[in-house]
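Have a look at the model first, then work through the notes below.

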Amino acid sequence: MLKVSDPVYEAMRQHGEETYPHECCGVMLGRSEDAVNAVTEVVRAGNTRTDSAHNRYHIAPQELIRIQRQGREKGLDIVGFYHSHPDHPAQWSPTDFAEAHWLGCSYVITAVEKGAARQTNSFRLTGHTEETKKFEPEPISVTGQNTPGLGPE
Amino acid sequence: MKIFIPTPLRVYTEKQDAVEVAGTTVAEALSALTMKYPDFQKHLYTGEGKLRSFVNVYLNDEDVRYLPEGDKTPVKDQDTLSIIPSIAGGCCRTGDRAFGACCCCRD
C-alpha cells in the first residue's frame, strides 16, 4: 500500500497538469515498512528527456543523489517515484517496466487528459532481481481513505 | 570511505544506508563492498563482471563512467561513493498501440 497525505497526493497530480503536454516526474520521500510505503513529501525533478518529453521521462542521477541526500538529512528514504502520462491511461507501459530498477519502491502514474489530472494509480515493483521483477497494482491511501486508485475516471 | 546504498539494496546491508569500506580506488572500494556483502554482486554486475547498464556509481558528484581513469580512479577516505539505479520511463509511442503491445494503452 502507498500512504500519502492529500496535499502531497494533489501536488503530484498538479505537477502533471503543469507540465502537460509533457511528462512530469519526481521522487517520493518517506519511510518503508513491511508492505507500506508511506510518503512524507515529494520532490519535483527535471525531465532530462527534452527530445521526447511528451512520452518519456528520465531523472538525472545527480539529481537523484541530491534528493537522496536531502531525504537522508530529514531521516527519509526514497520510497518511490511519480510521473504523468499525458493523454494516456494511468497504467505502466513497457518502457516504464524496462526502466524500473528500484525494487520495493512505488511507481505512481497519473493520467493527464487535455491538461487535467484524471486517474492516479500506484504500482509496486516487486521481486528480488531484475530477472524476477514485476509491477503489482497497490492501493493508495490518501488521508485515511483506502482506494485502489483515485481521481475521476 | 563511505558508500551510500539506495533503498532497494539495503536489504543486503542489514538495512544500513551507508557502508564504510577500505580501498585506494573506486574498484577496490566496490570490491570491498561485494566482499562484505556478496549478494550485492549480482545487483551491481552482469555475469561478465561489467557494471549493469542501469547502475550508476558516483564518486562524490562525478559519474565514475566518465572519469578519465574510470573505476581505477584513486579515492581518499573523505570521498563518498553513491550507488544510484537509474529512473526513467514513459508512455508508449503511438505506434505501439497499433501492435497491441502497450500495457498502458490496454483498455
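Let's start with a charge over a ring: the charged end of Arg72(A) sits over the ring of Phe4(B), 3.7 Å from its centre. Keep in mind that this is a predicted model. Across all chains, the structure holds 8 aromatic pairs.

**Charges over rings**
- Besides Arg72(A) over Phe4(B), there's Lys133(A), whose charged end sits over the ring of Phe97(A), 5.0 Å from the ring centre.

**Phe97(A) and Phe135(A)**
- These two rings make an edge-to-face pair, with 5.8 Å from centre to centre and 65° between the planes.
- Phe97(A) belongs to helix 3 (residues 94-98) of chain A and Phe135(A) to strand 8 (residues 134-138) of chain A, so their pair ties together parts that lie 38 residues apart in sequence.
- Phe97(A) is partly exposed, at 26% relative accessible area, while Phe135(A) is buried, at 9%.

**Tyr107(A) and Phe135(A)**
- Phe135(A) also pairs with Tyr107(A): the ring centres are 5.3 Å apart and the planes stand at 70°, so this pair is edge-to-face.
- Here, too, distant parts of the chain get linked, with Tyr107(A) in strand 6 (residues 106-113) of chain A and Phe135(A) in strand 8 of chain A, 28 residues apart.
- Tyr107(A) counts as buried because its relative accessibility is 2%, and the cut-off for buried is under 20%.

- Which residues do ring pairs link into a cluster? They're Phe81(A), Trp92(A), Phe97(A), Trp102(A), Tyr107(A), Phe123(A) and Phe135(A).

Technical notes
Residues numbered from 1 in each chain as written. Chains lettered and ligands numbered in written order. Predicted model: local features only at pLDDT ≥ 70, side-chain atom pairs only at ≥ 80, totals over all residues. Heavy atoms only, no water. Phe/Tyr/Trp six-rings, centres within 6.5 Å; stacked < 30°, edge-to-face > 60°. Helix = DSSP H or I, 4+ residues; strand = E, 2+ residues; numbered from the N terminus. Buried < 20%, exposed > 50% of the residue type's maximum accessible area, 1.4 Å probe, protein only. Lys NZ or Arg CZ within 6 Å of the ring centre and 35° of its normal.
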